[in-house]
Amino acid sequence: MSMSARRIRAVVLKELRDARRNRTILVAVAIFPLVFLIQPLVVIFLAPNSSAATLSQRHLLLYMLAIPVLTPSVLAAYSVAGERQQGSLEPMLSTPIRTDEFLLGKALAALLPAVAIAYVVFAIFIACVLLFAQPAIAHAMLRGQDILAQLLLTPLLAGLSIWIGIAISTRSSDARVAQQLSLLASLPVVLLTSLIAFDVIHATNALLLVLGWAQNR
């Protein structure tokens with residue numbers, strides 16, 4: 001039997017309504033984008049034109065990939081654990097909705113706002129750089145390959161973070177514990193993107209590291 005778009009949409013809408021009422025989720029969704037927007041802007045605005053050559057060797061835009069990693073992890077971790085904590089999980093599962101529809105609806109409810117927020121923050125970042133940064137700095141920062149990587153990796157990393165968060169959420173009875181564990185599980189990805197952004201690890205070496213890890217799983 002195929003999945004029902006109507007039931008999935010109902011789960012998505014319910015999840016978004018619940019998220020708007022949850023103060024902890026709203027604070028987390030607001031704080032993470034601000035932190036990872038302000039820090040690179042400060043670096044760029046304080047950088048003199050002479051540092052353009054150094055910045056051109058880095059991939060500072062990838063630092064902002066932490067936003068689609070951390071933001072949806074909070075939403076996804078609350079998805080099932082929050083229902084269980086409120087006592088609404090069993091009644092929902094007793095309805096005609098299938099488990100895969102339920103989980104897909106939860107995942108989409110975390111993915112859509114997280115990707116939208118990441119793209120909006122990225123657009124604000126580009127606008128600020130173009131309007132206020134030194135021309136040489138802006139040219140060194142806004143390179144085509146980094147912008148493309150940001151656009152392509154944002155939904156992929158958000159999806160990875162969401163499924164990790166949901167997996168943790170399904171095994172936890174406390175929403176706060178699930179959120180903490182989900183954030184902890186997301187930190188290696190954030191660390192990797194940050195190290196690439198500041199040229200501590202070359203992007204090619206990072207790709208080889210990830211491929212080697214995947215082969216050993």
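The largest cavity of this predicted model is lined by E15, D18, A19, I25, L75, Y78, K106, A109 and A110. A cavity is here a set of points, on a 1 Å grid over the protein atoms alone, where a 1.4 Å probe fits but cannot get out, and its lining residues have an atom within 4 Å of a point. Two or more residues of this lining come from each of α1 (5-21), α4 and α6 (99-132). Helices are DSSP runs (H or I, at least four residues), numbered from the N terminus. The lining divides into six nonpolar, no polar and three charged residues, where Ala, Val, Leu, Ile, Met, Phe, Trp, Tyr, Cys and Pro count as nonpolar, Asp, Glu, Lys and Arg as charged, and the others, Gly among them, as polar. The space in the largest cavity is about 70 Å³, a volume being the space filled by probe spheres set on grid points that are joined across faces, edges and corners.

By this rule, two cavities of 30 Å³ or more are counted. In composition, the lining of the second largest cavity comprises one nonpolar, three polar and four charged residues.

Residues are numbered from 1 along each chain as its sequence is written. Because the model is predicted, local features need pLDDT of at least 70 and side-chain atom pairs count only at pLDDT 80 or more, whereas totals for chains, interfaces and linings use all residues; side-chain values use heavy atoms, with hydrogens and water left out.

Helix α4 (residues 66-86) also contains T71. This residue is buried, with a relative accessible area of 1%; buried denotes under 20%, exposed over 50% and partly exposed the range in between (1.4 Å probe, protein chains only). The side chain of T71 reaches the backbone oxygen of I67 at 3.0 Å. Leaving aside residues up to four places away in sequence, T71 touches V29, F32, P33, A114 and I117, contact being defined by heavy atoms within 4.5 Å.

A further residue, L192, is placed in helix α9 (residues 175-197). L192 counts as partly exposed because its relative accessibility is 21%. Although L192 and Y63 are 129 residues apart in sequence, their C-alpha atoms are 9.3 Å apart in space.

Technical notes. A polar contact is a pair of N or O atoms within 3.5 Å; within protein, one must be able to donate a hydrogen and the other to accept it, and residues adjacent in sequence count only if both atoms are side-chain atoms. On a 1 Å grid over the protein atoms alone, a cavity is a set of points where a 1.4 Å probe fits but cannot get out, and a pocket is an open set with protein on both sides within 12 Å along at least five of seven lines; lining residues have an atom within 4 Å of a point.
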